[in-house]
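Let's take a quick tour of a structure, looking at its pocket and its surface. Have the model open as you read.

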Amino acid sequence: EADFLVPVGVAVGRNECIYVADSAQHRIKVFRRDGEFVRAFGSEGTAPGCMRVPVDVAVDDERDLVAVCEYHGHRVQLFGPDCTPTLQAG
């Protein structure tokens with residue numbers, strides 16, 4: 001799961017984890033600063049937690065949230081620290 005197809009957006013959290021949006025795999029991949037793969041979340045679809053071509057990712061360290069902007073999904077989703085969707089707009 002650590003391999004990329006089309007990585008397009010990157011963010012770094014205060015926990016020094018690196019979040020990468022892979023638009024072709026419809027998911028966010030999380031790595032430690034040393035490059036070790038931690039986890040991936042998301043899958044193709046329109047339900048909460050699913051994604052359609054994520055193109056950017058941002059980390060809100062103050063609220064411990066990850067924001068994902070989707071191109072084909074026409075929305076932004078917020079994910080909590082356990083990678084579960086908490087809010088979607090669009």
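## About the model

This is a predicted model, where local features need pLDDT of at least 70, side-chain atom pairs count only at pLDDT 80 or more, and totals for chains, interfaces and linings use all residues. Residues are numbered from 1 along each chain as its sequence is written, and side-chain values use heavy atoms, with hydrogens and water left out.

## The largest pocket

The largest pocket comes in at about 160 Å³ (an open set of points on a 1 Å grid over the protein atoms alone, where a 1.4 Å probe fits, with protein on both sides within 12 Å along at least five of seven lines). That volume is the space filled by probe spheres set on the points, which are joined across faces, edges and corners.

Its lining has 14 residues, with N15, Y19, D64, V66 and P81 nearest the centre (lining means an atom within 4 Å of a point). β5 (54–60) and β6 (65–70) are the elements that each give two or more residues to this lining (strands are DSSP E runs of at least two residues, numbered from the N terminus). By class, seven lining residues are nonpolar, two polar and five charged (Ala, Val, Leu, Ile, Met, Phe, Trp, Tyr, Cys and Pro count as nonpolar, Asp, Glu, Lys and Arg as charged, and the others, Gly among them, as polar).

Y71 sits in the loop between β6 and β7 (75–79) and is exposed, at 52% relative accessible area (exposed means over 50%, with a 1.4 Å probe and protein chains only).

E1 belongs to the segment before β1 (7–12) and is exposed too, at 61%. Between E1 and R27 there are 10 Å in space, C-alpha to C-alpha, and 26 residues in sequence.

Notes. Helix = DSSP H or I, 4+ residues; strand = E, 2+ residues; numbered from the N terminus. Buried < 20%, exposed > 50% of the residue type's maximum accessible area, 1.4 Å probe, protein only.
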